[in-house]
Structures are given as C-alpha cells and as structure tokens.
Amino acid sequence: MGRSRNGARRGARTTVAALAFVAGCCVAIADQGVGATAVARPTNATIQSRPMSVNAPVVGMAATPTGRGFWRAASDGGVLTAGDAQFYGSAVGIRHARIVAIVATPTGHGYWLVDRRGAVFSYGDARFRGSTGAISLHEPIVGMAATASGNGYWLVAADGGIFAFNAPFHGSTGAIRLNQPIVGMAAAPGGGYWLVASDGGVFAFGAAFYGSTGAIRLNRPIVGMATAIGGRGYTMVAADGGLFRFGANSPFFGSAAGACPGAPAVAVATSPGAIGYWIAFADARTYAFSPSTHPPACAPKPVSKTAEMELDLLVRVNQERAARGIAPVSWDPALAGYAESWSGNMAANGFRHSAIANLLGPYNFVGENIAAGSAGTLEGALHVAWMHSDGHRANILAPGFSRIGIGVFCKSDGSIWMTEDFGHPSSAGPALTSVPLPPVYPIARPDYGTLHC
C-alpha cells in the first residue's frame, strides 16, 4: 500500500504508512450442533462482566439455558446476575457454612445454592429435594449438579463422596484414596456424572470417560468443570484461567490464562443455548469465549510516558471499532514486543515497514501501521491521521483482527515513532477479512489529546 504524508498539530511533520498481509482463505463459521434440550439456533456466548467490589469472593457460576446470561454466587450467599439471568433470591443473611456452588434449573427460572455442609437453598422453580445439612460429613461439600429433568440433584464432597437426592446413584470415590481432593462435578445427559480433582484427574460414573489432566503438570490447580454442549465431553478450568477440554463437540475459543493477574478463576460454565463457554473469577469478572469474542489479555500498564501513549492508542482503536459495531482487539504481548522493537529500529535506521510476513504462522492474518512525527507531535494526531487514510483505517477496523500490539519510541531529539501490529492467531481459526471499508466519519476520537514525547 502507498504512503501518505499528513500535516499534524503544531505544524509538525507526520508520516504514516500501512501494509497488510493475508494468508489462507476466509470462511464463515457455521453453527455447531447441540443436544436435544438446546434452543433451535444457539447464539455465540458474548455476555461478559467486569470486576466488581463484592462483599465476599465469587465461588461458582451457572449460565441461563438461552446462552444470553449467567448467575454468579458468592461465598456469603450473594447472587450476581448478568444478561437475561433473573434474580430469584440469595442466601445473604441466612445462616450457612459458606456457599460453594450454584446450579440453575433447566428452565432458567430458578437455581440452587449449596454450602460446604451440604445445606441446599432453593430459589425460583428450583425444588428442594434434601440436603446433608444435618449429617456429619467426613469432608466438606465442594460441588453440585442437577439431573436433566431438574427434579433431582447430586452433592459431592472433597473425598468424592456422592449424596443423591431424587437422582440415581452411580458410584463415588468415597472409598478410594485420592491423590488430590475433588473440587467439582458435572452431570452427563444419560443420568451419570463426572467428578474432577484439583490435579485434573477425572472420575466417570454412569458416563463415558474422555480423558483427564491427571498425568500433566499444571501451572495452577483445577477449580471447576462443566459439561460440553451435547454432553459428549467436559471442560475444566484452572485457577489461572487455563482451559482443558475433553471429548466431542468441545471447540476451543481461548482461555483466560492471559488475563491480568488478580483474583483467581473459580468456575467454567456452558449453556445449551450458546456456542462457547464462560470463565468466572473470584472478583466477579467473567469472560465469554466464542467465535464472536477474544481471549482477555493484559493491556500495557502506564508506568512510563510511552506506555501511557500505547494504552491511549489501544483505547482509541477499540473506540473506533465499537463506534462501528466491530468487536474489540485485545492486547497481545508478543505483537507488542515486536511493535516496540520496530519503533526503536525506525528511530535509529529510518522510516519503513518491518517484514511482518515473518509473523505469519502463529498468526494467519497480520497488518501493520507505522507513523513518525517531529518533536511535539501528539500521538492522538497520528491516530487521527491514520483514520483519514484508507489503508491504515482498514487495519484499525478490520473485523479479521482480534489482537494488537503497539510500540511507541521517543527519540532523544523529541521525535515520536509509532508502530501498530495487528494479528489473528492461527489457533483461533480463519479470520473474516472480506468486508467493505467503513467511511472516515464519524471518527470516535477526533481529539489529538495531550500526550507527546
């Protein structure tokens, strides 16, 4: 693509250029089959939640059957809703021994909460079938699962002991010496269930065994599991947000392992009405993973002036995309390192594009915007210049890009050198690239800001 020269604020000379490489063919993403209880046309999982100031940590979650919402339960019995999930009550103010799980009814019009003693609290159309609240347990309750009909449920203890209430008993690990404690369970469509230990060991009862991570050294322990859509497998999540899938019909749309550190992941959830899954954290933030979303990644921390400019450019790019109904790009540390290195290279050796074709492989669709300005040039002015240029705007607004890395370099003479590298990971599948280029206006961020070298 050609280069253009544009005027910048304060009369500074600004030079911008764009270049894009495309590898492979673009294909549409087809709907995936789901089980008999699913809605006719499943939707992509997209509903997400930001971190919240909660009185107690989130410990579990359940998705609505439509796939357009979810509940999260806190250890104090509080229930947080998102999307089309309705609030039917909570256990806040009710005496209990710390809530450990929430399970939705098949209709989505109710849910159960269970505490570590096995006391069960029913809300909406969830029916109470019994509990272990009055039983002296060898180990605390750590999970719960409901039957397909919603007329019964199972509770599981840390030693794998199973307590069935109006539900068939298929076995337990109560008499087995475990390497690590059980941390969760999921129901199989045929009436059985799976148990998972913190090392990822899976125990199948009345259900097919699809594999486990019991022989894999994990970075962080497993904290929960969910049934795969259609019931022919299961998905497990680790405390760092890492995801492990086993069985059929369990496509991978990314994990939360790259999310900013803080509270640990606590649960994974699926819905018969959604393509994808959700991962919830103790601070209530919840990420959706589907063909319409992007794995979370830490944005640069504004610990320096250049990092502050990089963060502002990231915000500007996503504001432009949001204004046109395009999914945001997430921060990619590998692309950021490449972009930062190239900006420094340009400052030392002259203005030109990098050989971004070298990025192909890990990414199947990549692009690059570069810019330079003399002392006093505002980084926002370069962004506006990019938006006025078709080639650069095409990169900023390309739906096929899901990741971005930005590098800003300030030279000793006060000049600014910037690189934006865009990519779509090959592991995420084909990228949709053949779309009309949106017009210049409206530019979501026409201001030049105040940041400069």
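**Close-up views of a predicted model**

**View 1. Helix α4 is mostly covered.** Six of the eight residues of α4 (residues 390–397) are buried, where buried means under 20% relative accessible area with a 1.4 Å probe and protein chains only. The buried set consists of Gly-391, His-392, Arg-393, Asn-395, Ile-396 and Leu-397. Helices (H or I, at least four residues) and strands (E, at least two) are DSSP runs numbered from the N terminus. The model is predicted, so local features need pLDDT of at least 70 and side-chain atom pairs pLDDT 80 or more, while totals for chains, interfaces and linings use all residues. Residues are numbered from 1 along each chain as its sequence is written, and side-chain values use heavy atoms, without hydrogens and water.

**View 2. Helix α3 is mostly covered as well.** Nine of the ten residues of α3 are buried. They are Glu-379, Gly-380, Ala-381, Leu-382, His-383, Val-384, Ala-385, Trp-386 and Met-387.

**View 3. Helix α2 and its surroundings.** The 17 residues of α2 (residues 333–349) reach 24 Å from first to last C-alpha, close to the expected 24 Å, which is 1.5 Å times one less than the number of residues. At the start of α2, a side-chain oxygen of Asp-332 comes to within 2.9 Å of the backbone nitrogen of Ala-334; a polar contact is a pair of N or O atoms within 3.5 Å, one able to donate a hydrogen and the other to accept it within protein, and residues adjacent in sequence count only if both atoms are side-chain atoms. Gly-350 follows α2 and has a positive phi, near 115 degrees. Buried residues of α2 include Leu-335, Trp-342 and Met-346. The buried residues of this helix pack against β23 (330–331), β24 (363–373), β25 (403–410) and β26 (416–425).

**View 4. The largest nonpolar core.** This core has 27 residues and is a set of buried Ala, Val, Leu, Ile, Met, Phe, Trp, Tyr and Cys residues joined through side-chain atoms within 4.5 Å. Ile-396, Ile-404, Ile-406, Val-408 and Met-418 have the most contacts inside it. At least two residues each come from α1 (305–323), β24, α3 (379–388), α4, β25 and β26; α1 gives the most, with four. Beyond neighbours within four places in sequence, Ile-406 is in contact (heavy atoms within 4.5 Å) with residues including Leu-313, Trp-331 and Ala-339.

**View 5. An open sheet of three strands.** The order is β13-β14-β15, with antiparallel pairing. Strands β13 (182–187) and β15 (202–205) are at the edges with a single partner strand each, so one side of each lacks a neighbour in the sheet. Two strands pair if DSSP finds at least two bridges between them; β13 and β14 (residues 193–197) have five.

Technical notes:
Buried < 20%, exposed > 50% of the residue type's maximum accessible area, 1.4 Å probe, protein only.
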